[in-house]
Every structure is written in C-alpha cells, then in structure tokens.
Amino acid sequence: YLGAGRQELIDQIVYLSEFSAGVLVVSGDDGAGKTALFSALPTELDEAWQSCSVTANDSNSANQIFYQLASALDAEISEGANPGELLVAIRHQLTRAFSEPFILLVDNAHLLEDAALSALMSLLQSPGGEEESPFHVVLFGDDQLIVRLDHFSMVDVLLHDIPLDDFTVEDIASYLQMKLRSAGWV
C-alpha cells in the first residue's frame, strides 16, 4: 500500500540516494509500514541500481549481514571469513572501478549491535578521493536508531532521518477500501 504519503516517501528515498551521500534512516513505530517500504523500494529503483536487501533479526550476526553484502558485491571472500575480513573485501570491491550505484537496504536495523552499525557507516567514509562513492545505505528501524547512529559522530557521513508517520483514520479507511477492491468487493 503506497497511499498515505508512502509513494512520496519512496520518491524521497530514491532522490536522496541518487543525489546525496550518507545513511538514510527510515524510522517509525511498530506497524507504521517500514517493512512494506523496505519490500517496495527495490522495485522503485532505476534498473541501473544494484541492491542488497537484508533483514536483521535477533539470530543473525554482523558476519551474516556482511557476508550477504560481500556476495551481492561479488567480492572475493573465503567461506570462513570473519567480519573484519569481510569488511576489507567489501571496501576493496567498493574502491575498485565500481561505477554502478549500489544500495544496501537493512530492515529492522535497530536490532543490529552498535559495532555492526558503525562498521556499515564506516563503509561510507571517504577513502580520500574526489569521487563520490556509488555505495548507499538505507536503514529501516525504530525511532532510537537515529540517536544511536548520531553517537558514532562519524564526521564525513551524513545522516538523513526520514520519519514514517502512523496512519491517520482517513489513511486506514483508504487502505481498507483498497484491500476490499482488490478482493473484488464493491
């Protein structure tokens, strides 16, 4: 469901990803629609974009997330690589002649440990060159995620907070009408 300003929010995320370096944080309460946006975003990206979508949970580790990212970037990694080795491989792949824009989407990012979040943000730090990195990160999480990221104080990594408001009564009515119509009800 992309009513209630959700389509405009996706357009804003795509725009900021294209024209601004940094981490985009889509934050909101449980049930606000973060996961629905997370699921819809890859289909809204231009076909020139490569993407990797990861859902954080209590059981996956930073190692699993970095392994998925390294695999999506076609980085050369060994099967038993530790998080540090994975980050080196990812960083190496990002500094190579990687011209296509790449976006990492992480749902439930608030479940990641601070070390994993900090490592993800460090991938956006300037390697010292003039060129802007084609790597972008969008994190979907609770309202405290942006506060946690602010505490890292990474000088050259911008944070964009995109709050996702709860549905109003009118938004809920529109959603229900859309669902009933899609089920064939008049």
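The paragraphs below treat aromatic pairs, a salt bridge, surface patches, backbone angles and contacts between separate parts of the chain. The model is predicted.

## Aromatic pairs

A pair of aromatic rings is described by the distance of the centres and the angle of the planes. The count of aromatic pairs in this model comes to two. Phe 38 and Phe 140 form an edge-to-face pair, with 5.7 Å from centre to centre and 80° between the planes. This pair links distant parts of the chain, since Phe 38 belongs to helix α2 (residues 34-44) and Phe 140 to strand β4 (residues 135-141), 102 residues apart. Both Phe 38 and Phe 140 are buried.

Phe 102 and Phe 135 form a stacked pair, with 6.2 Å from centre to centre and 20° between the planes. Phe 102 lies in strand β3 (residues 102-107) and Phe 135 in strand β4, so the pair ties together parts that are 33 residues apart in sequence. Phe 102 is buried, as is Phe 135.

Why does the pair of Phe 102 and Phe 135 count as stacked? The angle between the planes is 20°, and planes under 30 degrees apart count as stacked.

## Salt bridge

Side chains of opposite charge can pair when their charged atoms come close. The count of salt bridges in this model comes to one. The bridge joins the side chains of Asp 114 and Arg 148, with a distance of 2.7 Å from N to O. Asp 114 is part of helix α5 and Arg 148 of helix α6 (residues 144-150), so that this pair, too, links distant parts of the chain, 34 residues apart. Asp 114 has a relative accessible area of 40% and is therefore partly exposed. Arg 148 is likewise partly exposed, because its relative accessibility is 22%.

## Surface patches

Which residues gather in a patch of negative charge on the surface? They are Asp 29, Asp 30, Asp 143, Asp 150, Asp 161, Asp 165 and Asp 166. One of them, Asp 161, is placed in strand β5 (residues 159-163). With a relative accessibility of 39%, Asp 161 counts as partly exposed.

A nonpolar surface patch of about 250 Å² is made by Phe 167, Ile 172 and Leu 176. Within this group, Leu 176 is located in helix α7 (residues 169-182). Leu 176 has a relative accessible area of 46% and is therefore partly exposed.

## Backbone angles

Most residues other than glycine have a negative phi, and most peptide bonds are trans. Asp 74 has a positive phi, near 60°. This residue is found in the loop between α3 (62-72) and α4 (83-95), and its relative accessibility of 63% makes Asp 74 exposed.

Asn 108 also has a positive phi, near 55°. The loop that holds Asn 108 runs between β3 and α5 (114-122). Asn 108 is partly exposed, its relative accessible area being 24%.

## Contacts between separate parts of the chain

Two pairs of residues that are separated in sequence are listed here with their C-alpha distances.

| Residue pair | Separation in sequence | C-alpha to C-alpha distance |
|---|---|---|
| Val 26 and His 160 | 134 residues | 8.5 Å |
| Ser 118 and Phe 152 | 34 residues | 6.9 Å |

Is Val 26 buried or exposed? With a relative accessible area of 0%, Val 26 is buried; Val 26 lies in strand β1 (residues 23-27).

Terms used
Residues are numbered from 1 along each chain as its sequence is written. This is a predicted model: local features need pLDDT of at least 70, side-chain atom pairs count only at pLDDT 80 or more; totals for chains, interfaces and linings use all residues. Side-chain values use heavy atoms; hydrogens and water are left out. Patches are made of residues with over 30% relative accessible area and no salt bridge: like charges are joined within 9 Å, nonpolar side chains (Val, Leu, Ile, Met, Phe, Trp, Tyr) within 5 Å. Accessible areas come from the Shrake-Rupley method with a 1.4 Å probe; for residues, only the protein chains shown count as cover. A salt bridge is a side-chain nitrogen of Lys or Arg within 4 Å of a carboxyl oxygen of Asp or Glu. Lys and Arg count as positive and Asp and Glu as negative; His and the chain ends are not counted. The place of a charge is taken as NZ of Lys, CZ of Arg, CG of Asp or CD of Glu. Helices (H or I, at least four residues) and strands (E, at least two) are DSSP runs, numbered from the N terminus. Buried means under 20% relative accessible area, exposed over 50%, partly exposed in between (1.4 Å probe, protein chains only). Rings of Phe, Tyr and Trp (its six-membered ring) pair if their centres lie within 6.5 Å; planes under 30 degrees apart count as stacked, over 60 as edge-to-face and the rest as tilted.
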